[in-house]
Amino acid sequence: MRLPRGRARSPGARSVLIPDEFMPKSRYCFVLWALILIGAGTGLAAMPAVHADRQAPAQTPVPPSVAPAPPAAPPGPLAESAPGQKPTTGQQPPAGQQPPAGQKPPAGQKPAPAQPPAPEKAQKPASGRVLWCGQEIGPPPANQLPKEGAGPVIYQVGVCFPEQGGVSVIDAETYLYYIHTQTSRPSAGVWTPWDETTSAESLRQDFQALWATKFLDNLSIEVTDFPFPNGVVGKLVAFNVEERQRVKIVDYIGAKHLEQSKIDDKLKEENAEIRLDTFIDPGMIRKVKKVVLDMLAEKGYQFASVTPEVKALPGGPKLVNLTFSVDEGPQVKIRDVIFIGNKAMSSSTLKHQMKNNKGKGLFSFIAGAGPYQEGKFEEDADRVVAYYRDHGYIGARVSEPSLRYIEDSPDRRARWVELRIEVTEGERYRIATFSFEGNKVVKSEALRPLFKVKEGDWYSDKVIRKGYEKARELYGAGGYYQFNLVPMTRPHTEGTATPEPVKGSDGEAAADPGMAGGPSATAQADTKPAAQPAPKPATPATKAAQARRLPTDAPLVDVVLQVDEGKQYFIDRITFIGNTTTRDTVVRREIRLYEEGVFNTEALKFSIKRINQLAYFKQLEGTKDVDVKEAPGADNKMNITLKLEEQNRNQIQFGAGVSQYEGFFGTIGFQTANFLGRGETFSVNLQAGTLAQNYQVSFTEPYLFDRAITGGVSLFKRKLDYQSQFTQSSWGGDLIFGFPLKDFTRLFLDYSYEHTDVVNVNTIYQDPSLIQNNPYLAETLLLGVGGARTISKIIPSVVYNTIDNPLFPTTGKKLSVAAELAGLGGDTNFWKPSIEATWYLQQSKRTSIGLHAMAQYIAPFRGSKQLPITELLYAGGEYSVRGFDLRTIGPRAIETVPPTYNGSTFLPILMPGEVSLDSYQTDSGLVIGGNKLLLFNAEYLIQVAGPVRLVLFYDAGQVRDFGQKLNMSEFRTSTGAEVRFFMPVLNVPFRLIFAYNPKRSGILDSTLQPQSAFAFKFAVGSTF
């Protein structure tokens, strides 16, 4: 009968092995079936996994004492076991499950014994059965025994788990997959002979295959002799297995200053993640420990300790909880940084160059003192060396720092140290000669003006870096994508004339400095010019310097720029990915590169900036979104792929309400900056109510007639009915054309026409005294112009715009000059020139500075004496001086108060323009605007998270009237903070403004009350 395979069972269940000769004996049938039922109920998998009835070629028997020596296995992560399957002769293990044999076991594992233990004599019960792998086994039936006089045979081969109570974590069938030693099949009359050589070698190979799975902590082979009744010896081969522990839980305890998510992210980055349900790997545990210690060291916890602990879990053998207990210890904080050996540079100057390791500063009481970050000191040292090299000290060195313990804080949470850094400055060098080598495409005469250095100047890495960037742009424009430049220096010393290449910290010549920002001081920090003696007039170098009239107050150095031009590249294909709505033509027309043309890197930068300005997609950023690869099958062609991600540029507005002036009304609006994916701008706004109607539609085509010509049209009609007072209606439109002048520069020509009528005026509003005291009323009723006004004007303008993003700008500038000229066919004549400038200066990835200035002027001409109030200038509001109410900064109307006699107002009959002698004038508080405006805005923009920005601002503005001069002391100012966040649904930036108004004297708010010192505002859009 074939022996049963091993299966999982509960601990303590007994292994049962049923002999073939048991079946004929009917008197044992009841006992047999009882044992089978018990075994099934308790889990037969606890029985040893056994190879039985497997055919094998005849082999020469060998003594049972011969056993294979264990192989070695390397430490490392453990592979998952393959599911159990029936083995077949010659079958190979699945890929990835059988690492190469002959390697050492992982560190920390129990080493497999070099020789299996000497076979122990199995206990033999009186019935002729033996105890093997924890269960009784008997000989085969008499009719299935091997022939008398035959040599030893392999009776059974099995996998046992004596150290685990007979229970395995991995299905025992999986182990049988790796065992290829053939066993006998008594039921088929096939017996596998035992051979001292071949059988031992077969077991050795099986041993190596099992150990290479890395599933095991220990492995040995036990061979037991089992004499059959006819005198033939059967070999019982047991592979005694002890499995490795399997991780079910991973914990980090005691890490107060490290978040679990950050630890996990760092472990993934370092490829040191311990996954659940994998085997314990001591090497990986040590790696995790080091990563956590390094993370703590970056935060200043140099005395931290991490102790891994493995605890067994209930529910199964070899299941453990892996816990990393963290003791952070005191945080090492720098009280002061001391530089030793610096003479040319002051210690305070060198301290300013250090970014990561700083001592206590002016604002330490707020932010706290900086922790010592050992892993980032090299970056600080490079910055110090770079500063020296920028000032001519090409041999400057910074040694490893030393820490001097000062004291512990009273709570033992901080350990104060003094950071001592030794500096070797060396000599300061002047440039003797400056030349190029290796350049063939661009002559040295063309490269030389790009580097702003002269013979006799102090050597400076910074100047060479700037020249390198310009040279890279020049070569990149010609398709030389792989252009590189390596500076080499040759200090002038007696007896030396060999140039020394500028080396990196690894001793190799600096490669591709442009890709890392040019020949930086970091890459050149290990240049080692020979020590310089004091200059002597008799030396050849000094004589040469005198011949060229170079200064002799410092040693000289020759600078040779080794140029590697590379080969010229062309463009094979330009591909866009991710533009699901926007058509390819809309993106392609912004590209200044052409397929089969030269790969112009400067044109690529220009194209990316233009695409970002569209704001149809999320910002394209460097190699992340712009993929440049060599075309397959071509040695000088590139494929460019732009990875785009659409942004919603559609705005939908709708609502309804009631107001005093408009009555009941409903409104609906739609605006898109990418209409149907064509890049066109379209908007429509409809408002209808009982008292007010407002209809407006506009359309702009940025590429009219498939040319870079902007064409747009806008039409509007408005009507407002002031019940029992008057009705005002207006209509008109705009035409706009734009023409490109240069890169990012366009000329616009805008024509605007507006006609306004005021009808149904109540006679009470025509009272002269009422009109005289209310300039707004006279302007609103259009008195003196027949109740109608027509403004026809043309607005030429020139706009230069390189701002990267219209919604959330970070860098670039915008300059615009415009002039409104009214009087072409209308009845109102004026001119209004304006100039506006905006700068965004990026400080870091998350911060930028925004500056804005605007000046405007308006004056009538050709017979017009009075300007419309709607055209006059004013300031105040969320888009100018944001702490003040809208249109509250500017000249106010002067009200004439008539004289009173005996408590009654006396209104004498006056000619137009006359004022009663007894009347007096007073400030009405109503801002009617002025004719000149000057406005300044400054913002410091901080990207907090995602679409949220914190904006610190300062605004100043002033508006003056005719005959008044601008006065710096009368500027109205506002400062404060603003939270600006983007709402994807509405597709506009929302602004929450908290403002303080330090200079507000004399300003009234919209309710004609004195402007308050603090204000909170809500707005939509951008300031400028």
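Mentor: One term before anything else: a residue is called buried when its relative accessible area is under 20%. Also keep in mind that this is a predicted model.

Trainee: Fine. What share of the residues in the protein chain is buried?
Mentor: Of the 1024 residues in the protein chain, 45% are buried.

Trainee: And how many helices and strands are there?
Mentor: The protein chain has 16 helices and 41 strands.

Trainee: What about the accessible surface?
Mentor: It comes to about 51,800 Å² for the protein chain, and carbon and sulfur atoms hold 56% of that.

Trainee: How much of the contacts comes from residues 24 or more positions apart?
Mentor: Counting contacts with a separation of 6 or more, 67% are between residues 24 or more positions apart.

Trainee: Let's take a helix. How long is H10?
Mentor: Helix H10 covers residues 461–477, which is 17 residues. From first C-alpha to last it reaches 24 Å, close to the 24 Å expected at 1.5 Å a residue.

Trainee: Which residues of H10 are buried?
Mentor: Asp-461, Ile-464, Arg-465, Gly-467, Tyr-468, Ala-471, Arg-472, Tyr-475 and Gly-476 are.

Trainee: Sheets next. What is the strand order in the one with E7?
Mentor: The order is E7-E9-E8, in an open sheet of 3 strands with mixed pairing. Strand E7 (246–253) and strand E8 (305–312) are the edge strands, each pairing on one side only. From one strand to the next, the twist averages 20 degrees.

Trainee: How many bridges join E7 to E9?
Mentor: There are 7, and E7 runs parallel to E9, which spans residues 319–327. Tyr-252 stands opposite Phe-324 in E9.

Trainee: And the sheet with E18?
Mentor: That is an open sheet of 3 strands as well, ordered E18-E20-E19, and its pairing is mixed. Strands E18 (570–577) and E19 (626–630) are at the edges with a single partner strand each, so one side of each has no neighbour in the sheet.

Trainee: How do E19 and E20 pair, parallel or antiparallel?
Mentor: Antiparallel, over 5 bridges, with E20 at residues 637–643. Asp-627 has Thr-641 in E20 as its bridge partner.

Trainee: What about the hairpin of E12 and E13?
Mentor: Strand E12 (residues 402–408) and strand E13 (residues 414–424) run antiparallel, joined by 6 bridges. Leu-403 is bridged to Leu-419 in E13. The hairpin has 5 residues between the strands, and Arg-412 has a positive phi near 65 degrees there.

Trainee: Why does a positive phi get a mention?
Mentor: Because most residues other than glycine have a negative phi.

Trainee: Where else does a positive phi turn up?
Mentor: Lys-214 is one case, with phi near 60 degrees. Lys-214 is in the loop between helix H3 (198–212) and strand E5 (216–227). Another is Leu-1008, with a positive phi of about 65 degrees. Leu-1008 is in the loop between strand E40 (988–999) and strand E41 (1014–1020).

Trainee: Does Lys-214 count as buried or exposed?
Mentor: Lys-214 counts as buried because its relative accessibility is 14%. Leu-1008, at 40%, counts as partly exposed.

Trainee: Last topic, the loop between E32 and E33. Where does Asp-885 stand, buried or exposed?
Mentor: Asp-885, in the loop between strand E32 (859–860) and strand E33 (892–897), is buried at 15% relative accessibility. A polar atom of the Asp-885 side chain lies 3.0 Å from the backbone nitrogen of Ser-1006. Asp-885 also touches other residues, including Gly-876, Gln-1011 and Lys-1017.

Trainee: And Leu-886, buried or exposed?
Mentor: Leu-886 is exposed, at 59% relative accessible area. Leu-886 and Ser-1006 are 120 residues apart in sequence, with their C-alpha atoms 7.4 Å apart in space. Leaving aside neighbours within four places in sequence, Leu-886 contacts Tyr-874, Gly-876 and Gly-877.

Definitions and conventions
Residues numbered from 1 in each chain as written. Predicted model: local features only at pLDDT ≥ 70, side-chain atom pairs only at ≥ 80, totals over all residues. Heavy atoms only, no water. Helix = DSSP H or I, 4+ residues; strand = E, 2+ residues; numbered from the N terminus. Buried < 20%, exposed > 50% of the residue type's maximum accessible area, 1.4 Å probe, protein only. Contact = heavy atoms within 4.5 Å. Areas by Shrake-Rupley, 256 points an atom, 1.4 Å probe, with all protein chains shown as cover. Pairing = 2+ DSSP bridges. Axes fitted to C-alpha atoms, helices over the stretch in contact; angles between N-to-C directions. Polar contact = N/O pair within 3.5 Å; in protein donor to acceptor, adjacent residues only side chain to side chain. Expected span 1.5 Å × (residues − 1).
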